[in-house]
Amino acid sequence: QVHLVESGGGLVQGGESLRLSCAASGSGFSIRAMGWYRQAPGKQRELVAGITSGDTTNYAASVKGRFTISRDNAKNTVSLQMNSLKPEDTAVYYCNVLAHSGTYVTEFWGQGTQVTVSS
């Protein structure tokens with residue numbers, strides 16, 4: 001089992017920055033990809049940014065150039081630096097981890113952290 005703990009959400013004004021962090025703990029699994037998703041009220045959950053174990057990154061078009069994802073493989077943490085925040089970035093942000101144990105690949109989710117951007 002992999003347990004994810006997120007931190008760093010909050011209320012900010014448009015144009016400001018926030019940094020989200022997620023720490024993964026557990027045993028029996030090796031973490032492969034890590035990422036952040038978000039879900040705004042009335043909308044489907046969407047991928048914000050992802051990063052592989054080899055540090056290859058991908059971003060949603062709406063956040064490219066403003067958000068930066070990074071990970072520390074030694075500490076099993078993933079972070080999302082969010083700059084130039086906009087009201088449309090308001091959502092619950094979820095940490096996501098893809099991990100494998102032997103031949104089994106399992107997806108884990110954090111509990112979510114609220115990000116609210118006021119105009």
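**Exercise 1. Contacts and overall build**

What share of the contacts in the chain with a separation of 6 or more comes from residues 24 or more positions apart? Then describe the chain as a whole.

*Solution.* 
Step 1. Start with the contacts, where contact means heavy atoms within 4.5 Å. Residues 24 or more positions apart account for 55% of the contacts with a separation of 6 or more.

Step 2. Note what kind of model this is. It is a predicted model, in which local features need pLDDT of at least 70 and side-chain atom pairs count only at pLDDT 80 or more, while totals for chains, interfaces and linings use all residues. Residues are numbered from 1 along each chain as its sequence is written, and side-chain values use heavy atoms, with hydrogens and water left out.

Step 3. List the elements. The chain has zero helices and 11 strands. Helices (H or I, at least four residues) and strands (E, at least two) are DSSP runs, numbered from the N terminus.

Step 4. Check the dimensions. The C-alpha trace spans about 45 × 25 × 20 Å along its principal axes. A compact globule of 119 residues would have a radius of gyration near 14 Å, and the chain agrees, with 14 Å. The radius is taken over C-alpha atoms, and the globule rule is 2.2 Å times the number of residues to the power 0.38.

Step 5. The chain exposes about 6,300 Å², of which carbon and sulfur atoms supply 48%. Such areas come from the Shrake-Rupley method with a 1.4 Å probe; for residues, only the protein chains shown count as cover. Buried residues make up 36% of the 119. Here buried means under 20% relative accessible area, exposed over 50%, and partly exposed in between (1.4 Å probe, protein chains only).

**Exercise 2. The open sheet**

In what order do the four strands of the open sheet stand? Work out the edges and the pairings.

*Solution.* 
Step 1. The order is β1-β3-β8-β7, with antiparallel pairing. Two strands pair if DSSP finds at least two bridges between them.

Step 2. Find the edges. β1 (2-7) and β7 (67-72) each have a single partner strand, so one side of each is left without a neighbour in the sheet.

Step 3. Neighbouring strands are turned by 15° against each other on average, direction ignored. Axes are lines fitted to C-alpha atoms, for helices over the stretch in contact, and angles run from 0 to 180 degrees between N-to-C directions.

Step 4. Follow the pairings. β1 and β3 run antiparallel and are joined by six bridges; L4 stands opposite A24 in β3. Strand β3 (residues 18-26) also pairs with β8 (residues 77-82) over six bridges, in the antiparallel sense. There, L18 stands opposite M82.

Step 5. Look along β1. In a regular strand the side chains alternate between the two faces of the sheet. V2, L4 and E6 point to one face and are buried.

**Exercise 3. Aromatic pairs**

How many aromatic pairs does a search of the whole structure find? Describe each.

*Solution.* 
Step 1. The search finds two. Rings of Phe, Tyr and Trp (its six-membered ring) pair if their centres lie within 6.5 Å; planes under 30 degrees apart count as stacked, over 60 as edge-to-face and the rest as tilted.

Step 2. Take F29 and F108. Their pair is edge-to-face, with 5.2 Å centre to centre and 85° between the planes. F29 lies in the loop between β3 and β4 (30-39) and F108 in strand β10 (residues 104-109), so the pair ties together parts 79 residues apart in sequence. F29 is partly exposed at 27%, whereas F108 is buried at 7%.

Step 3. Take Y37 and W109. Their ring centres are 4.9 Å apart and their planes stand at 65°, so this pair is edge-to-face. Y37 is in strand β4 and W109 in strand β10, 72 residues apart. Y37 is partly exposed at 21%, and W109 is partly exposed at 33%.

**Exercise 4. Positive phi in two loops**

Where are D55 and N76, and what are their phi values?

*Solution.* 
Step 1. D55 is in the loop between β5 (46-51) and β6 (57-59). Its phi is positive, about 70°, although D55 is not a glycine. D55 is partly exposed, at 45%.

Step 2. N76 is in the loop between β7 and β8. Phi of N76 is near 55°, a positive value in a residue other than glycine. N76 is partly exposed, at 30%.
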